[in-house]
Amino acid sequence: MTQTKTKAAKADFADIRDWVFDLDNTLYPHHVDLFSQIDKNMTAYVSTLLQMERDEARKLQKQYYLDHGTTLQGLMIHHGVDPDDFLEKAHAIDYSHLMPQPELASAIKALPGRKFIFTNGSVSHARATAGALGILDHFDDIFDIVAAGYVPKPASATYDKFMALNRVDTKKAVMFEDLPRNLTVPKALGMRTVLLVPQNLEDTVTEWWERHSDEDGNVDYITDDLTAFLNEII
């Protein structure tokens, strides 16, 4: 098993031509806590849909997230919800918590080759988020849950669809993610993999399956500072 690295070496990424980034808790730090708003909206949606108390709805929401990759996929399979209605309500959030990140923008712009956002969220959410961060203009395209046919990461078919659509040479590509399980397929396809973790991991509430293990062979690099990591490369 390859040892996970915490530092990037420019030579390790010299041949990379496609840079693929997850969105939430990846392009902005976990402590910004933007996703908590989405999380609350999803719990409220499940509670209203199924006439459940909040705690019960949240438990089911998290179970669907674990079992199916997204809460939405579970709701579509088990309850036939309208995905567009769910996405609209889930992403009805306040983006003012996000501040422009000019140093991150400069780093992404300087990366050689194409840059993509590959998210289990929607294009509108990705545009609003990346726009607030001041990095939207530096991406070539956004591949969202709609483009994936509502089949989320970590499903291998979704990665295959993204790679085929964009003609990605996986041997010359890298994936940045905050969920270890979403790096399993990229690693198997020959991509380099970078895991983003919270800066204060011990103070961060996460599900057990969202956490990185030293036994996880799918993570090449691990960092809690995306901007610093990219600056080491460029």
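A residue is called buried if its relative accessible area is under 20%, exposed if over 50%, and partly exposed in between (1.4 Å probe, protein chains only). The model is predicted, so local features need pLDDT of at least 70 and side-chain atom pairs count only at pLDDT 80 or more, while totals for chains, interfaces and linings use all residues. Residues are numbered from 1 along each chain as its sequence is written, and side-chain values use heavy atoms, with hydrogens and water left out.

Strands are DSSP runs (E, at least two residues) numbered from the N terminus, and two of them pair if DSSP finds at least two bridges between them. Six strands form an open sheet with parallel pairing, in the order β3-β2-β1-β4-β5-β6. At its edges stand β3 (141-143) and β6 (221-223), each of which pairs on one side only.

Strand β4 (residues 173-177) pairs with β5 (residues 192-196) in the parallel sense over four bridges. Strand β1 (residues 18-21) is likewise parallel to β4 and joined to it by four bridges. Met175 of β4 stands opposite Val20 and also opposite Thr193 in β5, while Val174 stands opposite Arg192 in β5. Five of the five residues of β4 are buried, so the strand is largely enclosed by the rest of the structure. In a regular strand the side chains alternate between the two faces of the sheet. In β4, Ala173, Met175 and Glu177 cover one side and Val174 and Phe176 the other.

Aromatic rings of Phe, Tyr and Trp (its six-membered ring) pair if their centres lie within 6.5 Å; planes under 30 degrees apart count as stacked, over 60 as edge-to-face and the rest as tilted. The whole structure holds 13 aromatic pairs. Phe13 and Tyr221 form a tilted pair, with centres 5.1 Å apart and planes at 45°. Phe13 lies in the segment before β1 and Tyr221 in strand β6, so this pair ties together parts 208 residues apart in sequence. Both Phe13 and Tyr221 are buried. Phe21 and Phe176 are stacked, at 4.5 Å centre to centre and 10° between the planes. This pair links strand β1 to strand β4, its residues being 155 apart. Phe21 counts as buried at 0% relative accessibility, and Phe176 is buried with a relative accessible area of 0%. Ring pairs link Phe13, Trp19, Phe21, Phe139, Phe176, Tyr221 and Phe229 into a cluster.
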